[in-house]
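Please examine the sequence and the three-dimensional structure shown below before turning to the report.

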Amino acid sequence: MNFDFSDDQKFLRDEARKFLEAQCTSAHVRAVLDDDAMSHNDEVWQKIVEMGWLGAAIPEEFGGLGLGMLELCVIAEELGRVLAPVPFGSSAFFFAEAIKLAGSDEQKAEWLPKVADGSIVGCLATTEGPGALSASSVQTSAKDGKLSGTKLPVTDGDVATHAAVLAKEGSGTGLYIVALDGDGVSRKSLKTIEPTRSHAEIKFDGASATRLGHDTGNGMTVLDNVMNRGAVLLAFEQLGGASRCLEMATEYAKERHAFGRPIGGNQAIKHKLADIYVKNEVARSNAYYGAWALSTDAAELPEAAAAARVAASEAFWFASKENIQTHGGMGFTWEVDCHLYYRRAKLLAVQAGSPAVWKEKLVSALETKNAA
Amino acid sequence: MDFTDSTEEAAFRAEANAFLSQHLEPKKAAAIRSGRRDDYLQRAKDWQKVKAENQFAQITWPKEIGGRGGSSMQQVIWNQEEGKFDAPTGPFAIGLGMCVPTVIAFGSDEHKQRYVQKALFGEEIWCQLFSEPAAGSDVAGLKTKAVKDGDDWVINGQKVWTSGAHYSDYGIVLVRTDPDVPKHKGLTMFIVDMKQEGVDVRPIHQASGGSEFNEVYFTDVRIPDSDRLGEPGMGWKVALVTLMNERLAVGGSPGPDWAEIMDYARGSGSMSDAAFRAKLADWYVAAQGYKLTKFRTQTALSKGETPGPENSIGKVITANHLQDICNSAIEMQDHYGIISDKDHAPADAIFQESFMWAPGLRIAGGTDEILKNIIAERVLGLPQDVRVDKDKPFSAF
């Protein structure tokens, strides 16, 4: 039994935390928050690129560090703690994983080294309207290497150079890579509840598109597998945010005095924070299991990823809203960081499928498993 | 990351499993509390004897006192393996888990020689007498008193929620020996012979209908001073040693879980209900969260490290979780769900029985509220609750 990260991975975590606490402060996040023209914090982004983290789980033959998925999980949690205002997840969790999973050798050789060294930034363009994503709801279509349709919102769609786009092809769907600076692509920024990560509406009008090397019409199945992998990584990012919320609320509850004593001495606050702790630990244990399944390509990945995602979405949501509540009126001011976590919690909870979607995936996986 | 045993762990697990297979039947799915056969107590004593004879009774105890001299990790492996079998362990859990370790820690050499082996080999059963009608969560507020009379102490008062008192031979009892000092400082611990004059054990008729717990009345019960554990007035410190293991002992798997309600739902057509499916996902996540958190603890033990505080989430999750699942299972059965007669009720009435047991589980071994206080104070470092009686003589209240 070794259900924990290795000493090397813990060392990476400690180093990443030190680095990010110094290089990605609240001021760096707020620079993006307060400036509508900023899609991300490029100063922070360039430093992260230099660290090589984007290539943590990209094999060395494709220009990465070739560490592994567990190392990427560790980095994801640390990025989540500091609300890193950069397109890391879009590029490393979804775009790169899609290419790793479904790209041909030529496609991997073309794009993965560029993701790893930051010379391209990827994103995932799937959503077109309200409601859960399904193959039948996709209107964007591709034919003969040309793609047309509108995707919104595309997380990090402003800063990305390339997108993995879900499109109809024939009676099925396909996953296409589109260069966003090419002809037939126009984009505009969207106002969202989470301004520290940019979001775009992207219109494709006969844009040149390269289909990933999966079977024709099979895009949705490939996307499901990409989502399972991204879900575990997102779960760690969410876990980082949830952990930070508990720390913030605990620190404040010890300092803030009311009725002659710290508010953290009252059971209404103590039990609230204990509830956050319990949800965070449930999320952590489920995330670890997802990490194990991800790193070993286990058959249990579908239920492990779904459970990690459901637990982490609940934990971050609960921690972020009760962190505001614990801070009282101060927690509802622009100047205090609580709302940044509340915003990010909701983005991460819905960005790759809402909790309801993942609960359904989880139960379906359990049914499949029990039927076998 | 991996879930495999080390070579030594695998060898011990195989040895334990082989031993268990030789002596016991595998446990049926969703073992339930009721329906214990009349000979349960005798079977438990027999099984305890067999375990002790083969050094499986207390894995971590030193060999000199009948243990195996093994590691905490080996104890975890033993518990996991024994849990797969229909092992009658109930009557010895409190005695060997809590009372006898207290005797070992604070008793004289005579005590150890007299009591430890007999408990280990299943010849004598122990109970723990702490809680009182007016002292539950605040157990240091207990009122049962002991007054020195020559070489004896004379005990009067009442204990409550004493598991297994009706079949116990000995107990450890926490009493007040000095009411004129603050409550934690006036307590003393004794060994008490449960079969002696003046000890009156009365079963509690629980809300669940069963009677696993008792009230115990002490009327002029004499205990020799030589059966005192620790100095007079040091009883609270002795009790903390006893209680250290309680929450781990109580936090086990208590009844039907997501797999059982999913089985029922598949048979009854409820899997098509979207609201049920969402709840099923939540139950799976919680159950996995609890199970996997124990794996994290186990990992620390396996590496010889001290486990982190994450283990404290156990009973807060499991008790509410059980209650929620049973409530939903009954509502899924609609009006029919009230039937607890096993001839009619689905799944041998496990949901109805655990529904009635669940409220007790949320209280036993630390209420939800006390456990949350402990997480808040000891894990998160928040201030203690206001304790107005902390520094004043007990008799002032």
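The report that follows takes up confidence, the interface, the nonpolar cores, a helix pair and several individual residues.

The structure is a predicted model. For the complex, the predictor gives an ipTM of 0.95 and a pTM of 0.94.

Chain B has a mean pLDDT of 92, with 95% of its residues at 70 or more. Over residues 30–35 of chain B, however, the pLDDT is below 50, and this stretch has eleven contacts in the model beyond near neighbours in sequence. Residues 247–251 of chain B likewise stay under 50 in pLDDT. For residues 247–251 of chain B the model has eleven contacts beyond four places in sequence. Where pLDDT is low, the predicted coordinates should not be read in detail.

## The interface between chains A and B

The two chains meet through 37 residues of chain A and 34 residues of chain B. On the chain A side, the elements that give two or more residues are α7, β10 (261–262), α8 (267–296), α9 (301–327) and α11 (355–371) of chain A. Of these, α8(A) gives the most, with 16 residues.

By class, the side of chain A that touches chain B has 21 nonpolar, nine polar and seven charged residues.

## Nonpolar cores

The largest nonpolar core has 165 residues, and within it Leu273(A) and Ala308(A) touch the most other members. Helix α7 (residues 219–255) of chain A gives the most to this core, with 18 residues. In soluble globular proteins, nonpolar side chains tend to be buried together.

Residues up to four places away in sequence left aside, Ala308(A) touches Ala231(A), Val232(A), Ala235(A), Asn286(A), Ala287(A), Tyr289(A) and Gly290(A). Another core, of 52 residues, lies apart from the largest one; Ile59(B), Val103(B), Val116(B) and Ile125(B) are among its members.

## A helix pair in chain B

Two packed helices are described by the angle between their axes and the distance between the axes. Helix α10 (residues 314–332) of chain B packs against helix α11 (residues 350–361) of chain B at an angle of about 150 degrees, and their axes are 8 Å apart. The crossing of α10(B) past α11(B) is left-handed.

From α10(B), the residues in this contact are Ala319(B), Leu322(B), Gln323(B), Cys326(B), Asn327(B), Ala329(B) and Ile330(B). Their counterparts in α11(B) are Phe351(B), Gln352(B), Ser354(B), Phe355(B), Ala358(B) and Leu361(B). The contact of α10(B) with α11(B) comprises nine nonpolar and four polar residues, with no charged residue.

The loop between α10 and α11 of chain B holds Ala347(B). Although Ala347(B) is not a glycine, its phi is positive, at about 55 degrees. Ala347(B) counts as buried because it has 20 C-beta neighbours inside 10 Å, and 20 is the number at which a residue is classed as buried.

Arg81(A) lies in helix α4 (residues 69–81) of chain A. Is this charged residue buried or exposed? Arg81(A) counts as buried, because 23 C-beta neighbours lie inside 10 Å. Apart from residues up to four places away in sequence, Arg81(A) touches Gly240(A), Gly241(A), Ser243(A) and Arg244(A).

In the loop between α4 and α5 (88–102) of chain A is Leu83(A). Leu83(A) has a positive phi, near 55 degrees, in a residue other than glycine. With 28 C-beta neighbours inside 10 Å, Leu83(A) counts as buried.

Pro87(A) is also placed in the loop between α4 and α5 of chain A. Pro87(A) is buried, having 25 other C-beta atoms within 10 Å. Beyond its neighbours within four places in sequence, Pro87(A) is in contact with His40(A), Val121(A), Cys123(A), Asp156(A), Val159(A) and Ala160(A). Pro87(A) and Glu194(A), 107 residues apart in sequence, are 13 Å apart in space from C-alpha to C-alpha.

## A cis peptide bond

Leu152(A) and Pro153(A) are joined by a cis peptide bond, with omega about -10 degrees. Pro153(A) belongs to strand β3 (residues 146–155) of chain A.

Note on methods. Residues numbered from 1 in each chain as written. Chains lettered and ligands numbered in written order. Predicted model: local features only at pLDDT ≥ 70, side-chain atom pairs only at ≥ 80, totals over all residues. Core = buried A, V, L, I, M, F, W, Y, C linked by C-beta atoms within 7 Å. Buried ≥ 20, exposed ≤ 12 C-beta atoms within 10 Å, placed from the backbone. Helix = DSSP H or I, 4+ residues; strand = E, 2+ residues; numbered from the N terminus. Contact = placed C-beta atoms within 7 Å. Nonpolar A, V, L, I, M, F, W, Y, C, P; charged D, E, K, R; others polar. pLDDT = per-residue confidence, 0-100. Axes fitted to C-alpha atoms, helices over the stretch in contact; angles between N-to-C directions. Left-handed = near helix turned anticlockwise from the far one by under 90°.
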